[in-house]
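Q: Can you walk me through this chain? Start with the overall picture, then go into detail.

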Amino acid sequence: MSLSANQRPHKRLHEYFAMVGLPGKLSFSPDQSRKQLLKPLEARYMMALLDRYPRKDHDDLPFPTGVPLFCLPCGLNLSTEMRMPTFSTFVHTGGEGQQLYGHCLTIYEPLTQGQRAQLEKLLQTAHEATSKPSKKSTAASGQEDNPQAASGQDQGPSASASASAS
């Protein structure tokens with residue numbers, strides 16, 4: 001009796017382990033309104049694949065693209081309150097129908113001093129950009145920008161994901 005491809009035992013318990021979070025340079029996600037950029041707790045920030053193991057793709061199953069989006073589908077947001085870790089799962093289906101099951105643990109960590117400084121500069125730049133008159137409107141609507149409050153105890157999510165094939 002031979003086993004089908006879906007019934008064969010796998011060589012590895014987990015195919016990959018990945019860490020997703022804020023990249024070295026803090027920046028806004030590009031798909032937001034100007035109003036969101038002035039409110040740091042409503043804005044979404046770019047996320048990046050920070051590390052992965054193994055660093056080289058397996059010959060039989062390449063590392064899936066879009067892992068940061070699978071781990072944090074609503075984007076990366078900041079919060080002033082400490083949050084409990086969350087757990088989620090996802091299934092990535094490759095072009096040839098192979099399925100990779102992902103498990104994601106999202107933990108919230110305080111911003112570093114460097115990230116806080118970057119956030120203040122980013123908010124200042126966003127405030128200046130929205131304060132300049134545009135062809136459609138003469139000035140930004142009186143949205144309040146308070147980078148000191150934004151840089152207080154903000155927590156940014158950091159996600160760890162592991163994936164196993166099926």
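**Overall picture**

A: Of the contacts in the chain with a separation of 6 or more, 76% are between residues 24 or more positions apart. Contact means heavy atoms within 4.5 Å.

Q: What kind of model is it?

A: This is a predicted model, where local features need pLDDT of at least 70 and side-chain atom pairs count only at pLDDT 80 or more, while totals for chains, interfaces and linings use all residues. Residues are numbered from 1 along each chain as its sequence is written, and side-chain values use heavy atoms, leaving out hydrogens and water.

Q: How many helices and strands?

A: 4 helices and 5 strands. From the N terminus on, the order is β-α-β-α-β-β-α-α-β. Helices (H or I, at least four residues) and strands (E, at least two) are DSSP runs, numbered from the N terminus.

Q: What share of the chain is buried?

A: Buried residues are 37% of the 166. Buried means under 20% relative accessible area, exposed over 50%, and partly exposed in between (1.4 Å probe, protein chains only).

Q: Now the core. Which residues touch the most other members?

A: In the largest nonpolar core, with 22 residues, they are Leu22, Leu26, Phe28, Tyr45, Val67, Cys71 and Leu119. Such a core is a set of buried Ala, Val, Leu, Ile, Met, Phe, Trp, Tyr and Cys residues joined through side-chain atoms within 4.5 Å.

Q: Which elements supply at least two residues each?

A: β1 (16-21), α2 (67-71) and α3 (113-131). α3 gives the most, with 4 residues.

Q: What does Phe28 touch?

A: Leaving out residues up to four places away in sequence, Phe28 touches Leu37, Ala43, Arg44, Tyr45, Met46, Leu122, Leu123 and Ala126.

Q: Switching to the surface. Which residues form the nonpolar patch?

A: Phe17, Met19, Leu50 and Tyr53, with about 410 Å² of accessible area together. β1 and β2 (48-53) each supply at least two of the patch residues. Patch residues have over 30% relative accessible area and no salt bridge; nonpolar side chains (Val, Leu, Ile, Met, Phe, Trp, Tyr) are joined within 5 Å. A salt bridge is a side-chain nitrogen of Lys or Arg within 4 Å of a carboxyl oxygen of Asp or Glu. Accessible areas come from the Shrake-Rupley method with a 1.4 Å probe; for residues, only the protein chains shown count as cover.

Q: And where is Met19?

A: In strand β1. Met19 is partly exposed, at 32% relative accessible area.

Q: Last one: how do β3 and β4 run?

A: Antiparallel: 8 bridges join β3 (residues 86-93) to β4 (residues 99-110). Strands pair if DSSP finds at least two bridges between them. Thr93 has Gln99 as its bridge partner in β4. The two strands form a hairpin with 5 residues between them, and Gly97 in the turn has a positive phi of about 90 degrees.

Technical notes
Patches are made of residues with over 30% relative accessible area and no salt bridge: like charges are joined within 9 Å, nonpolar side chains (Val, Leu, Ile, Met, Phe, Trp, Tyr) within 5 Å.
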